[in-house]
Amino acid sequence: MTRLIVLAFALLLPAASLAAPQPGCTTAKEYITALEFLRNEKALKLPEAQARKLASEVAQGCTGAANRFIRISRLLMGSGLTSPDALKIGRDFASRTERETDTFLFVFKTAFLENQLDLDLGASVSLAKSLTLEFEGDIHAVRNDFTTVLDYCLGRDKLDLPRPRCAKLASDIARAGQASGGGVARPFVEALQLLRSHPGPNLSTGDALKIAQDLVKYGPEAPRNFTQGYRYATAETGLNLPRNEAIAFARELAAKSLADEKSKTK
């Protein structure tokens with residue numbers, strides 16, 4: 001059975017509705033749903049006491065907790081992860097949001113499926129966790145940044161890099177936007193395009209990536225400041241600097257993109 005079929009079967013349980021918040025927690029429903037799932041999964045062979053304890057922990061995640069727990073656990077077990085590890089991650093998502101759960105599923109499938117990144121199971125789980133459970137910030141923005149960079153990296157008419165390298169690059173850029181609230185992917189791509197172009201610096205892909213990745217550390221405005229600064233520095237009517245000096249000048253401007261909080265209030 002291919003990974004695609006396994007994952008499709010694992011995701012038969014529908015996502016919980018993102019409608020208006022419920023006035024209270026459906027803890028009884030969550031407990032019963034989780035416990036019945038654990039009892040019915042014969043391959044788990046959990047002792048009754050252990051199953052009840054886990055169901056109680058899941059119920060603490062409030063409305064929708066059992067659904068989140070089952071979706072994650074079923075997906076990971078169906079993909080080959082050991083039951084204890086799958087249930088642990090599922091339990092972690094019981095207390096998280098629907099958006100975080102959906103993002104984990106999206107990133108994991110993108111990483112694991114053979115027709116996409118085709119990473120091994122461990123790498124796929126680690127990648128998905130790094131952008132959800134281990135991420136503090138706008139989860140919607142991180143998903144958009146990850147997808148944008150990944151598409152650009154894999155594109156044959158763009159970077160066309162190996163899939164494992166693209167996975168790491170997309171993850172690194174998405175996580176770099178954590179402090180600034182995300183939205184760094186598009187500026188990153190624009191700066192990278194300039195760095196690799198002529199009449200831009202016309203750098204190698206490796207050198208361009210190093211600079212572009214460094215710029216993102218200073219927020220989404222940094223790559224834009226670099227681009228504008230470089231163009232002005234090389235223009236005859238601007239500073240008329242040679243390439244290397246123009247790059248250094250533009251990087252210096254970009255590094256100032258994260259204004260000190262105190263200066264913002266003056």
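This is a predicted model: local features need pLDDT of at least 70, side-chain atom pairs count only at pLDDT 80 or more; totals for chains, interfaces and linings use all residues.
**Disulfides, ring pairs and a pocket**

Let me begin with C166, which counts as buried because its relative accessibility is 0%, where buried means under 20% relative accessible area, exposed over 50%, and partly exposed in between, with a 1.4 Å probe and protein chains only. Residues are numbered from 1 along each chain as its sequence is written, and side-chain values use heavy atoms, with hydrogens and water left out.

Which cysteine is the partner of C166 in a disulfide? The partner is C153, with the two sulfur atoms 2.1 Å apart, and a disulfide here is a pair of cysteine sulfur atoms within 2.5 Å. The torsion about this S-S bond is about -85°, so the disulfide of C153 and C166 is left-handed. This pair links distant parts of the chain, since C153 is in helix α8 (residues 139–154) and C166 in helix α9 (residues 163–176), 13 residues apart; helices are DSSP runs of H or I with at least four residues, numbered from the N terminus.

The count comes to two disulfides, and the other joins C25 to C62, S to S 1.8 Å. The link of C25 and C62 is also left-handed, with -95° about the S-S bond.

Turning to the aromatic rings, the structure holds five aromatic pairs, and rings of Phe, Tyr and Trp (its six-membered ring) pair if their centres lie within 6.5 Å, with planes under 30 degrees apart counted as stacked, over 60 as edge-to-face and the rest as tilted. The rings of F93 and F104 are tilted, because their planes stand at 55°, with the centres 4.9 Å apart. F93 lies in helix α5 and F104 in helix α6 (residues 98–112), 11 residues apart. Ring pairs also link F93, F104, F108 and F112 into a cluster.

Finally, the second largest pocket holds about 170 Å³ of space. On a 1 Å grid over the protein atoms alone, a pocket is an open set of points where a 1.4 Å probe fits, with protein on both sides within 12 Å along at least five of seven lines, and lining residues have an atom within 4 Å of a point. Helices α3 (48–59) and α5 (83–94) each supply at least two residues of this lining, and among the lining residues are L46, Q50, K53 and R91.

Conventions. Grid points are joined across faces, edges and corners, and a volume is the space filled by probe spheres set on the points.
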